Amino acid sequence: MGSEFSFLHFAIVLDKKDNSKKRTLTVIPLTSKQKSGRFPLGKEIFNQTITIINSRIEENEDKHRRIQQNINKITNEIADLVNDFLDAIIENNCDYKEELKQFKISDDEEDRFETNNLLKELTKYVEKNNHLEYSDELLPKFNEQLELMANESKNLSKDASQLNKETLDLQKVIDIYQGYNKNSYVRLTDVTTISKFRIKRLNRFDSSGKIQLSSEQMKVISDELMKLYIS
(Lines give C-alpha, C1' and ligand atoms only; values in the text may rest on other atoms or scores of the structure.)
Protein backbone atom coordinates (compact mmCIF):
# COMPACT_ATOMS: atom_id res chain seq x y z
CA MET A 1 0.00 0.00 0.00
CA GLY A 2 1.07 3.61 -0.50
CA SER A 3 2.61 3.10 -3.93
CA GLU A 4 0.95 3.98 -7.21
CA PHE A 5 0.99 2.17 -10.54
CA SER A 6 2.86 3.62 -13.47
CA PHE A 7 0.17 2.81 -16.03
CA LEU A 8 -3.60 3.18 -16.20
CA HIS A 9 -5.53 0.35 -14.58
CA PHE A 10 -9.16 -0.39 -13.93
CA ALA A 11 -9.71 -0.84 -10.21
CA ILE A 12 -12.29 -1.42 -7.49
CA VAL A 13 -12.55 1.32 -4.87
CA LEU A 14 -12.60 -0.12 -1.35
CA ASP A 15 -13.44 3.08 0.54
CA LYS A 16 -16.98 2.83 1.89
CA LYS A 17 -17.17 6.55 2.60
CA ASP A 18 -15.45 9.42 0.87
CA ASN A 19 -15.32 13.19 1.14
CA SER A 20 -14.06 15.99 -1.05
CA LYS A 21 -11.17 16.81 1.30
CA LYS A 22 -9.65 13.35 1.08
CA ARG A 23 -7.07 13.23 -1.72
CA THR A 24 -6.59 9.48 -2.03
CA LEU A 25 -8.58 6.29 -2.53
CA THR A 26 -7.82 2.71 -1.57
CA VAL A 27 -8.23 0.41 -4.54
CA ILE A 28 -7.62 -3.09 -5.84
CA PRO A 29 -6.46 -3.15 -9.46
CA LEU A 30 -8.05 -5.43 -12.04
CA THR A 31 -6.45 -7.50 -14.74
CA SER A 32 -7.59 -9.78 -17.55
CA LYS A 33 -4.88 -12.34 -16.76
CA GLN A 34 -5.53 -15.20 -14.39
CA LYS A 35 -2.74 -16.06 -11.97
CA SER A 36 -2.38 -17.27 -8.42
CA GLY A 37 -3.76 -14.82 -5.85
CA ARG A 38 -6.33 -13.36 -8.21
CA PHE A 39 -10.09 -13.51 -7.75
CA PRO A 40 -12.36 -13.91 -10.82
CA LEU A 41 -15.12 -11.36 -11.45
CA GLY A 42 -16.20 -12.51 -14.90
CA LYS A 43 -17.38 -9.76 -17.24
CA GLU A 44 -19.62 -8.05 -14.69
CA ILE A 45 -17.85 -4.68 -14.57
CA PHE A 46 -17.70 -4.06 -18.30
CA ASN A 47 -21.13 -5.55 -18.88
CA GLN A 48 -22.54 -3.04 -16.40
CA THR A 49 -20.83 -0.16 -18.17
CA ILE A 50 -22.07 -1.19 -21.60
CA THR A 51 -25.60 -1.78 -20.28
CA ILE A 52 -25.75 1.62 -18.59
CA ILE A 53 -24.47 3.47 -21.65
CA ASN A 54 -26.70 1.55 -24.06
CA SER A 55 -29.63 2.62 -21.91
CA ARG A 56 -28.52 6.25 -22.19
CA ILE A 57 -28.18 5.92 -25.97
CA GLU A 58 -31.72 4.55 -26.18
CA GLU A 59 -32.97 7.50 -24.13
CA ASN A 60 -31.19 9.93 -26.46
CA GLU A 61 -32.60 8.24 -29.53
CA ASP A 62 -36.10 8.42 -28.05
CA LYS A 63 -35.63 12.13 -27.27
CA HIS A 64 -34.30 12.69 -30.78
CA ARG A 65 -37.38 11.03 -32.30
CA ARG A 66 -39.69 13.26 -30.26
CA ILE A 67 -37.73 16.38 -31.23
CA GLN A 68 -37.88 15.40 -34.90
CA GLN A 69 -41.63 14.89 -34.61
CA ASN A 70 -41.96 18.41 -33.20
CA ILE A 71 -39.78 19.81 -36.00
CA ASN A 72 -41.99 18.07 -38.57
CA LYS A 73 -45.08 19.46 -36.83
CA ILE A 74 -43.69 23.01 -37.02
CA THR A 75 -42.75 22.48 -40.68
CA ASN A 76 -46.36 21.55 -41.40
CA GLU A 77 -47.61 24.56 -39.44
CA ILE A 78 -45.33 26.86 -41.45
CA ALA A 79 -46.62 25.31 -44.68
CA ASP A 80 -50.21 25.93 -43.55
CA LEU A 81 -49.30 29.50 -42.59
CA VAL A 82 -47.83 30.11 -46.05
CA ASN A 83 -50.91 28.68 -47.76
CA ASP A 84 -53.23 30.83 -45.65
CA PHE A 85 -51.11 33.87 -46.50
CA LEU A 86 -51.35 33.03 -50.20
CA ASP A 87 -55.12 32.56 -50.02
CA ALA A 88 -55.45 36.00 -48.43
CA ILE A 89 -53.38 37.60 -51.21
CA ILE A 90 -55.14 35.70 -54.01
CA GLU A 91 -58.50 36.85 -52.66
CA ASN A 92 -57.60 40.45 -53.48
CA ASN A 93 -55.46 39.76 -56.54
CA CYS A 94 -57.42 37.37 -58.74
CA ASP A 95 -55.44 38.38 -61.83
CA TYR A 96 -52.34 36.89 -60.24
CA LYS A 97 -54.03 33.74 -59.02
CA GLU A 98 -52.17 31.35 -61.34
CA GLU A 99 -48.80 32.92 -60.61
CA LEU A 100 -49.39 32.83 -56.87
CA LYS A 101 -50.64 29.24 -56.92
CA GLN A 102 -47.14 28.06 -57.85
CA PHE A 103 -46.09 28.88 -54.29
CA LYS A 104 -48.81 26.73 -52.76
CA ILE A 105 -47.45 23.92 -50.61
CA SER A 106 -49.22 20.61 -51.05
CA ASP A 107 -49.74 17.93 -48.42
CA ASP A 108 -47.05 15.84 -50.09
CA GLU A 109 -44.26 15.12 -47.61
CA GLU A 110 -41.50 16.11 -50.04
CA ASP A 111 -43.20 19.45 -50.72
CA ARG A 112 -43.52 20.07 -47.00
CA PHE A 113 -39.79 19.67 -46.55
CA GLU A 114 -39.23 22.15 -49.39
CA THR A 115 -41.22 24.78 -47.47
CA ASN A 116 -38.19 26.98 -46.76
CA ASN A 117 -37.21 27.15 -50.43
CA LEU A 118 -40.76 27.95 -51.53
CA LEU A 119 -41.00 30.55 -48.80
CA LYS A 120 -37.87 32.33 -50.06
CA GLU A 121 -39.26 32.37 -53.59
CA LEU A 122 -42.61 33.70 -52.34
CA THR A 123 -40.89 36.47 -50.36
CA LYS A 124 -38.96 37.56 -53.44
CA TYR A 125 -42.13 37.52 -55.52
CA VAL A 126 -44.11 39.65 -53.05
CA GLU A 127 -41.24 42.16 -52.72
CA LYS A 128 -40.86 42.39 -56.50
CA ASN A 129 -44.58 42.79 -57.15
CA ASN A 130 -45.24 45.62 -54.72
CA HIS A 131 -48.48 46.45 -56.55
CA LEU A 132 -50.21 43.43 -55.02
CA GLU A 133 -53.11 44.41 -52.81
CA TYR A 134 -53.56 43.08 -49.29
CA SER A 135 -54.38 44.47 -45.86
CA ASP A 136 -51.70 46.45 -44.04
CA GLU A 137 -51.54 44.02 -41.15
CA LEU A 138 -51.35 40.85 -43.28
CA LEU A 139 -47.62 40.85 -44.06
CA PRO A 140 -46.37 42.00 -40.61
CA LYS A 141 -48.58 39.42 -38.90
CA PHE A 142 -47.38 36.72 -41.29
CA ASN A 143 -43.72 37.61 -40.70
CA GLU A 144 -44.20 37.68 -36.93
CA GLN A 145 -45.80 34.23 -36.82
CA LEU A 146 -43.24 32.88 -39.24
CA GLU A 147 -40.32 34.16 -37.14
CA LEU A 148 -41.71 32.54 -33.99
CA MET A 149 -42.13 29.19 -35.71
CA ALA A 150 -38.73 29.37 -37.40
CA ASN A 151 -36.97 30.17 -34.11
CA GLU A 152 -38.69 27.29 -32.37
CA SER A 153 -37.67 24.93 -35.15
CA LYS A 154 -34.09 26.25 -35.04
CA ASN A 155 -33.84 25.67 -31.28
CA LEU A 156 -35.20 22.15 -31.65
CA SER A 157 -32.66 21.46 -34.39
CA LYS A 158 -29.87 22.57 -32.04
CA ASP A 159 -31.18 20.19 -29.39
CA ALA A 160 -31.24 17.37 -31.94
CA SER A 161 -27.64 18.12 -32.97
CA GLN A 162 -26.53 18.11 -29.34
CA LEU A 163 -28.19 14.75 -28.78
CA ASN A 164 -26.45 13.37 -31.86
CA LYS A 165 -23.09 14.55 -30.52
CA GLU A 166 -23.79 13.02 -27.11
CA THR A 167 -24.77 9.73 -28.72
CA LEU A 168 -21.50 9.64 -30.66
CA ASP A 169 -19.55 10.26 -27.44
CA LEU A 170 -21.51 7.53 -25.68
CA GLN A 171 -20.87 5.12 -28.52
CA LYS A 172 -17.15 5.93 -28.27
CA VAL A 173 -17.18 4.77 -24.65
CA ILE A 174 -18.96 1.56 -25.61
CA ASP A 175 -16.52 0.87 -28.45
CA ILE A 176 -13.55 1.25 -26.10
CA TYR A 177 -15.07 -0.78 -23.27
CA GLN A 178 -16.05 -3.60 -25.59
CA GLY A 179 -12.35 -4.00 -26.29
CA TYR A 180 -11.88 -4.69 -22.56
CA ASN A 181 -14.97 -6.86 -22.25
CA LYS A 182 -13.07 -9.91 -21.07
CA ASN A 183 -13.01 -11.89 -17.86
CA SER A 184 -11.63 -9.70 -15.10
CA TYR A 185 -9.62 -10.75 -12.07
CA VAL A 186 -9.02 -8.87 -8.82
CA ARG A 187 -5.33 -8.57 -7.98
CA LEU A 188 -5.77 -9.32 -4.28
CA THR A 189 -2.08 -8.90 -3.43
CA ASP A 190 -1.89 -5.42 -4.95
CA VAL A 191 -4.15 -3.35 -2.70
CA THR A 192 -2.87 0.22 -2.96
CA THR A 193 -3.71 3.87 -2.51
CA ILE A 194 -3.93 6.26 -5.44
CA SER A 195 -4.29 9.98 -5.78
CA LYS A 196 -7.70 11.12 -6.96
CA PHE A 197 -5.88 13.33 -9.43
CA ARG A 198 -4.73 10.21 -11.27
CA ILE A 199 -8.26 8.99 -11.95
CA LYS A 200 -8.97 9.20 -15.67
CA ARG A 201 -12.23 9.09 -17.58
CA LEU A 202 -12.70 8.53 -21.31
CA ASN A 203 -15.11 11.46 -21.52
CA ARG A 204 -17.95 12.93 -19.47
CA PHE A 205 -20.16 9.96 -20.34
CA ASP A 206 -17.79 7.34 -18.97
CA SER A 207 -19.94 5.73 -16.27
CA SER A 208 -17.16 3.67 -14.69
CA GLY A 209 -17.31 5.71 -11.47
CA LYS A 210 -20.98 4.80 -11.04
CA ILE A 211 -20.62 1.04 -11.39
CA GLN A 212 -21.00 -1.07 -8.28
CA LEU A 213 -20.29 -4.69 -7.62
CA SER A 214 -22.96 -6.65 -5.81
CA SER A 215 -22.79 -6.92 -2.03
CA GLU A 216 -22.17 -10.66 -2.47
CA GLN A 217 -19.15 -10.01 -4.69
CA MET A 218 -17.73 -7.42 -2.32
CA LYS A 219 -18.16 -9.80 0.63
CA VAL A 220 -16.24 -12.53 -1.17
CA ILE A 221 -13.46 -10.07 -2.02
CA SER A 222 -13.41 -8.90 1.61
CA ASP A 223 -13.19 -12.48 2.83
CA GLU A 224 -10.32 -13.20 0.44
CA LEU A 225 -8.47 -10.11 1.65
CA MET A 226 -8.99 -11.14 5.27
CA LYS A 227 -7.49 -14.55 4.53
CA LEU A 228 -4.55 -12.98 2.76
CA TYR A 229 -3.66 -10.20 5.19
CA ILE A 230 -5.04 -11.28 8.59
CA SER A 231 -5.21 -15.06 8.73
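Author: This is a predicted model, in which local features need pLDDT of at least 70, side-chain atom pairs count only at pLDDT 80 or more, and totals for chains, interfaces and linings use all residues. Residues are numbered from 1 along each chain as its sequence is written, and side-chain values use heavy atoms, with hydrogens and water left out.

Reader: How many charged residues does the lining of the second largest pocket have?

Author: Asp, Glu, Lys and Arg count as charged, Ala, Val, Leu, Ile, Met, Phe, Trp, Tyr, Cys and Pro as nonpolar, and the others, Gly among them, as polar. By these classes the lining of the second largest pocket has six nonpolar and four polar residues, and the number of charged residues is one.

Reader: Where is T167, and is it buried or exposed?

Author: T167 has its place in helix α5, residues 138-179, where a helix is a DSSP run of H or I with at least four residues, numbered from the N terminus. Buried means under 20% relative accessible area, exposed over 50%, and partly exposed in between, with a 1.4 Å probe and protein chains only. Because its relative accessibility is 18%, T167 counts as buried.

Reader: Which residues does T167 touch, not counting residues up to four places away in sequence?

Author: A contact means heavy atoms within 4.5 Å. Leaving out residues up to four places away in sequence, the residues that T167 touches are I57 and N60.

How values were computed. Helix = DSSP H or I, 4+ residues; strand = E, 2+ residues; numbered from the N terminus.
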